[in-house]
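Here is a quick tour of a protein model, written for someone who likes the cut-offs spelled out. Have a look at the structure first.

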Amino acid sequence: MDGTDGGSKMAASDILYIKADQSVEVQKRDVTLGDILTLECSNKDVLSKVKTLKLLKVPDEGQHRYVFSILKIIECIHEVYPTMDIQNIGSPDIIVTYEKPEKKNPFLHVLKVIGIVIITFIGAAFSIMAFNNDVSTTKLFSQIYELLTGTKSDGFTILELTYSIGLVVGILVFFNHFGGRKFSVDPTPMEVEMRLYENDIQTTLIENYSREKQEIEPGETVHNKALYSNKKGRGKL
């Protein structure tokens, strides 16, 4: 069977598998299906053609985040290959975010890291001191030391030492991370919370766009919810 564009030969048994993450970041204004989808097909000619189908042209101004339904993307592919069997094994909705390429400033990056480290250290230290003061840790250790040894505590005993060591070890074990090294293959609690937060943000964005009917349809311009045309005979932007 002939493809409707480019004369590519397509067998009746050809199946196109597509997979997309729920959120994709791009750094070029002319976005194609190959930029946001992982594609697989036994027919390499079809695969190459589908990868180059234009999906979106990001304008110089305005919003730089768009939501696509996978059904609209499948419809876009069917305009070129009407009889293609397409299997989606990824997300049913895709958030495409355009990030303008920028040169990273190493000096500014180092300053940011130093600032975050200082703020985090001061915040954590203040929290620990406030907790210790709230529960009277010093007085409690003094009473326990005097009860066990019969002598008055001078403020720095084996209890304070083991408490300090245990505090550090407990934090390292809980966060499963020290520097650039993990103690196990499991994700850290911070990574889990960040992933849950990202999932909540993505779900909210998709629901909002869907309610407001702002999902983008491939083949149209941004300003009227239409971007590029992949229909035969329309060709140019």
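Which residue in S4 does Ile 18 stand opposite? The residue is Leu 39.

A word on ground rules: this is a predicted model, where local features need pLDDT of at least 70 and side-chain atom pairs count only at pLDDT 80 or more, while totals for chains, interfaces and linings use all residues. Residues are numbered from 1 along each chain as its sequence is written, and side-chain values use heavy atoms, with hydrogens and water left out.

**Two sheets**

Helices (H or I, at least four residues) and strands (E, at least two) are DSSP runs, numbered from the N terminus. Strands pair if DSSP finds at least two bridges between them. Angles run from 0 to 180 degrees between N-to-C directions, with axes fitted to C-alpha atoms, for helices over the stretch in contact; contact means heavy atoms within 4.5 Å.

S1 (residues 15-19) joins S4 through 3 bridges in the antiparallel sense.

The other open sheet, also mixed, runs S2-S8-S6. S2 (23-26) and S6 (65-69) each have a single partner strand, so one side of each is left without a neighbour in the sheet. S2 and S8 (residues 93-98) run parallel, joined by 4 bridges; Glu 25 has Thr 97 as its bridge partner in S8.

Helices lie across these strands as follows:

| Helix | Lies across | Angle |
|---|---|---|
| H3 (residues 70-78) | S6 and S8 | about 70° to S6 |

**The largest pocket**

A pocket here is an open set of points on a 1 Å grid over the protein atoms alone, where a 1.4 Å probe fits, with protein on both sides within 12 Å along at least five of seven lines; lining residues have an atom within 4 Å of a point. The largest one holds about 480 Å³, a volume being the space filled by probe spheres set on the points. Its lining includes Phe 121, Ile 171 and Met 190. H4 (106-134), H6 (158-175) and H7 (189-211) each give two or more residues, and H4 gives the most, with 5 residues.

**One aromatic pair**

The structure holds 1 aromatic pair (ring centres within 6.5 Å). The centres of Phe 141 and Tyr 163 are 5.3 Å apart and their planes stand at 75°, so the pair is edge-to-face (over 60 degrees). Phe 141 sits in H5 (residues 137-149) and Tyr 163 in H6, 22 residues apart.

Technical notes:
Rings of Phe, Tyr and Trp (its six-membered ring) pair if their centres lie within 6.5 Å; planes under 30 degrees apart count as stacked, over 60 as edge-to-face and the rest as tilted.
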